[in-house]
Amino acid sequence: MTASAIKQIAQFSDPKPVPLSPEKLACSPYPIEALGSLLSAVANEIATGVQVPPVMAAQSVLAAAALAVQPFANALLDGRQYPLNLFMLTVAESGDRKSGVDKIATAPHKLRQRQLYDDFHEDLQRFKNELEAYEITRKHVIGADKKNGPEVIACALHELGLPPTQPRLPTMLSQEPTIEGLVKGFASGQPSQGLFSDEGGSFFGGHSLKDENKLKSIAGLSQLWDGSDINRTRAAHGESMTIKNPRLSAHLMIQPIVAASAFLDPELSGQGFLARFLIAAPESIAGTRFYNDMDLTLSDAVNNYQNLMAKLLREPLPVDQQGTLTPRHLQVDGNAKTLWKDAYNAIERELAPRMQLNDIKPTAGKMAEQIIRIAGVITLIDNFDAKVINAQSMGRAIQLGSWYLQEALRLSTVSSAATDYQIAAKVIDWILEKGRSVVTVNHINKNKVAKLNGANRCREILLLLEDNNWLIRLPPATQIDGKHVKEAWRLNQNALCNDLGLQNAI
């Protein structure tokens, strides 16, 4: 490098480097009124009383509502059936009162769970008594007809009938199940269940999503979101099973650090698993939550919501003799179909290359179905005996679906930017470690710094560092090792200061 090309570093008066963290994009206001009068009222009340962002309360009550109505109906459009279960994911910091919201939203569900357990113990004892009586009678029938030959015995046993059926296990809510546990739970338990956890990190970091179990769990949970039959063939006795028409709704509340890892996991995103979730990541309002004396147990909105949930959860499930759910049809009427088709086509146009939704194709590709599901849920909450999804409910569901698309776009942008900033920090670490005062695209590319491959990608990161004042662009005529280079950057002299170390900048 020529002496005239670069001054001694001490001669520069460099600006301070900007901390390497992406600009935060604000979460847009949630269209809470689109939930309908009952759900929007309770969501607003919870948000005010617990002091959380309204969207956090909305996520909880919508998921809880889906769990309450999912066994009773499927939306029907052009001969296609859509189950009404929803998967929700809420990202919030520790201390942001996730538990407080979940406690109110799922209180009726947990009460129903306890009632099911109480009933189960009585039913199980009754079953044991009936089974013992049946077996004694069966032995008596066989003994009485022993001399008359097998045909007579078989006829007598046929008249005796089948043994009593063991009561289904009462589990309706799970927090951290394995996929095998969930499947077995459906085989021997309730045909409509919920996976709800205000500490969803234990699920994402637990046994189900360890590397050796991840693909199996993702596939199983995706089937449950679809409402598809599950067929398991196993060599071990009693392990093979067929589960027909299961319904599972989920609401997992996780911390940002867990979400960041999940969003960057190629298997969770690439398999379309996360695309099945309606995701919200509101900004924390910590620091503004000064004490209020609001008593939510006296709230009409909360009491109306909890009373309705309790009533729905006590409704007899529509099941056949085998215990398989037989939901009724909830037809999408003509006007609602017109609205939905317009939304469907608008989403599809934006999925084209270089269009807005192309970057979130898996999520956007499922949003039209999510809209139908949401419409079905809010229809049954408004009127449990409804036979159709009308235009009003569909229009509200489209508002909600549009919000979830915008939130997915925001989170995708934030996640992509965060990745770039993390890579940029590693590049600066490498520059400092190697003691380089000048760097080019070729230096980064040749040494595969931060596992960067390709000159274009290396240049993007160097430009990011330039934008944030960590690197200063050198003149085009700069020579390095006697050769002219088109682009080169020198390290900002302030990047060498101890008080601007990367641990403080990122």
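Modeller: Two strands are said to pair when DSSP finds at least two bridges between them. In this predicted model, strand β3 (residues 87–91) and β9 are joined in the parallel sense over four bridges, and because the cut-off is at least two, they count as a pair. Phenylalanine 87 stands opposite phenylalanine 277 in β9.

Colleague: Why is β3 described as largely enclosed by the rest of the structure?

Modeller: Five of the five residues of β3 are buried, so the strand is described as largely enclosed. Phe87, Leu89 and Val91 point one way, while Met88 and Thr90 point the other way, and all of these are buried. In a regular strand the side chains alternate between the two faces of the sheet.

Colleague: What makes both faces of strand β9 (residues 277–280) covered?

Modeller: On one side are Phe277 and Ile279, on the other are Leu278 and Ala280, and all of them are buried.

Colleague: How do you know whether valine 141 is buried or exposed?

Modeller: Valine 141, whose place is in helix α4 (residues 107–144), has 14% relative accessibility and therefore counts as buried, the limit being under 20%. Its contacts, again leaving aside neighbours within four places in sequence, are Ala156 and Leu157.

Colleague: Why is the pair of phenylalanine 72 and phenylalanine 384 given the name it has?

Modeller: A search of the whole structure finds seven aromatic pairs. The ring centres of phenylalanine 72 and phenylalanine 384 are 5.0 Å apart with planes at 85°; because rings pair within 6.5 Å and planes over 60 degrees apart count as edge-to-face, this pair is edge-to-face. Phenylalanine 72 lies in the loop between α2 and β1 (73–77) and phenylalanine 384 in the loop between α13 (361–382) and β11 (388–389), so the pair ties together parts that are 312 residues apart in sequence. Both phenylalanine 72 and phenylalanine 384 are buried.

Colleague: What makes tryptophan 403 and tyrosine 404 an edge-to-face pair?

Modeller: Their ring centres are 5.2 Å apart and their planes stand at 85°, so the pair is edge-to-face. Tryptophan 403 and tyrosine 404 are both buried, and together with Tyr30 they form one aromatic cluster.

Colleague: How do you know that the charged end of arginine 373 sits over the ring of tryptophan 225?

Modeller: The charged end of arginine 373 sits 3.7 Å from the centre of that ring, and the distance part of the test asks for a value within 6 Å. A second case is arginine 328, whose charged end sits over the ring of phenylalanine 384, 5.5 Å from its centre.

Colleague: Which residues have the most contacts inside the largest nonpolar core?

Modeller: They are Tyr30, Leu35, Val61, Val377, Ile381, Met394 and Tyr404, in a core of 83 residues. Helix α2 (residues 54–69) gives the most to this core, with 13 residues. Another core, of 30 residues, lies apart from it, and includes Leu182, Leu221, Leu224 and Ile243. As for tyrosine 30, not counting residues up to four places away in sequence, its contacts are Leu35, Val55, Ala58, Leu62, Leu400, Trp403 and Tyr404.

How values were computed: Residues numbered from 1 in each chain as written. Predicted model: local features only at pLDDT ≥ 70, side-chain atom pairs only at ≥ 80, totals over all residues. Heavy atoms only, no water. Core = buried A, V, L, I, M, F, W, Y, C linked by side-chain atoms within 4.5 Å. Buried < 20%, exposed > 50% of the residue type's maximum accessible area, 1.4 Å probe, protein only. Helix = DSSP H or I, 4+ residues; strand = E, 2+ residues; numbered from the N terminus. Contact = heavy atoms within 4.5 Å. Phe/Tyr/Trp six-rings, centres within 6.5 Å; stacked < 30°, edge-to-face > 60°. Lys NZ or Arg CZ within 6 Å of the ring centre and 35° of its normal.
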